[in-house]
Amino acid sequence: MKTSIQADPDRDCALCPRLRDFIGSWRVREPGWHNAPVSTLLPPEGPESVRMLIVGLAPGLRGANRTGRPFTGDFAGTFLYGTLKQYGFASGEFEERPDDGLQLVETAVTNAVRCVPPQNKPTAAEINTCRPFLTATLEQLVNLRVIVTLGKIAHDSTVRMLDGRVAAHSFGHGAVTQIGGLTIVSSYHCSRYNTNTGRLTPEMFEKVFETVREVLRG
């Protein structure tokens, strides 16, 4: 699991040509947007204070790809950070922009793929190529106890990062498993589609963080 690379890709990372070209096209169309790999969001106290890591899929085109902060600028962020505040894992006001005053509490937020993919669908090769950055991020979180995975792709990539077998740690909303001393809690992604269709309700999402709080208290 050890890696010697940095935790965040360079702004002009070219490891995934399709994603590089897609971002390049949006730099031309929207030069004021972030349009680059999105770094992990950490609490003010730094990585050593993190006890919970949240892993999403990838930056949204008009969300994190625009603003430069994970889950910022679209519905998923409003849902996620509102729930984190409710359970004491975030403080301050979330107003969908990087300078809104939101601060994480013992929590970090990242994505399995750091660059926005076309149609929000990274390829298997892109997921694998980006995984070392997730590994490098994990290595900084020396006091980590819980990982919350949002969606199957993020879950499976996290399991593989931890050298686990996906078949032995299958994805399911609210499922809890352990790998290498870490507790993995999986959830449906907090996307507008999942909430509009009723696949993920606020009560279901809250239950995930109730589970996390119980683990951290244990």
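**Terms and values in a predicted chain**

Q: Why does Trp-33 count as buried?
A: Trp-33 has 15% relative accessibility. Buried means under 20% relative accessible area, exposed means over 50%, and partly exposed lies in between, with a 1.4 Å probe and protein chains only.

Q: What makes the pair of Trp-26 and Trp-33 stacked?
A: The ring centres of Trp-26 and Trp-33 are 5.2 Å apart, and the angle between their planes is 5°. The distance is within the limit for a pair and the angle is under the limit for stacking, so the pair is stacked. Trp-26 is buried too, because its relative accessible area is 6%.

Q: Why is the pair of Phe-89 and Phe-209 called tilted?
A: The centres of these two rings, Phe-89 and Phe-209, are 6.4 Å apart, so they pair, and their planes stand at 50°, which is neither stacked nor edge-to-face. The pair is therefore tilted.

Q: Which parts of the chain does the pair of Phe-89 and Phe-209 link?
A: Phe-89 is in the loop between helix H3 (75-86) and strand E2 (90-91), while Phe-209 is in helix H7, and the two are 120 residues apart. Helices (H or I, at least four residues) and strands (E, at least two) are DSSP runs, numbered from the N terminus. Both residues of the pair are buried: Phe-89 has 6% relative accessibility and Phe-209 has 0%.

Q: Which residues do ring pairs link into a cluster?
A: The cluster consists of Phe-75, Phe-79, Phe-89, Phe-205 and Phe-209.

Q: What does Thr-83 touch?
A: Contact means heavy atoms within 4.5 Å. Leaving aside residues up to four places away in sequence, Thr-83 touches Phe-205, Glu-206 and Phe-209. Thr-83 is in helix H3, and it is buried because its relative accessibility is 4%.

Q: How do you know that Thr-149 is buried?
A: The relative accessible area of Thr-149 is 0%, which puts it under the limit, so Thr-149 is buried. Thr-149 lies in strand E5 (residues 146-150). Its contacts, not counting residues up to four places away in sequence, include Val-55, His-155, Phe-171 and Val-185.

Q: Where is Thr-211, and is it buried or exposed?
A: Thr-211 is in helix H7 (residues 202-217). At a relative accessible area of 14%, Thr-211 is buried. Beyond residues up to four places away in sequence, Thr-211 touches Val-176 and Val-185.

Q: Why does Asn-35 count as buried?
A: Asn-35 has 1% relative accessibility, so it is buried. Its place is in the loop between helix H1 (17-29) and strand E1 (52-56). Asn-35 is a residue other than glycine with a positive phi, near 45°.

Q: How do you know that the protein chain agrees with a compact globule?
A: The radius of gyration is taken over C-alpha atoms, and the globule rule is 2.2 Å times the number of residues to the power 0.38. For 218 residues the rule gives a value near 17 Å, and the protein chain has 16 Å, so the two agree. Of these 218 residues, 52% count as buried.

Q: How many helices and strands are in the protein chain?
A: The protein chain has 7 helices and 7 strands. Along the sequence their pattern is α-β-α-α-β-β-β-α-β-α-β-β-α-α.

Conventions. Residues numbered from 1 in each chain as written. Predicted model: local features only at pLDDT ≥ 70, side-chain atom pairs only at ≥ 80, totals over all residues. Heavy atoms only, no water. Phe/Tyr/Trp six-rings, centres within 6.5 Å; stacked < 30°, edge-to-face > 60°.
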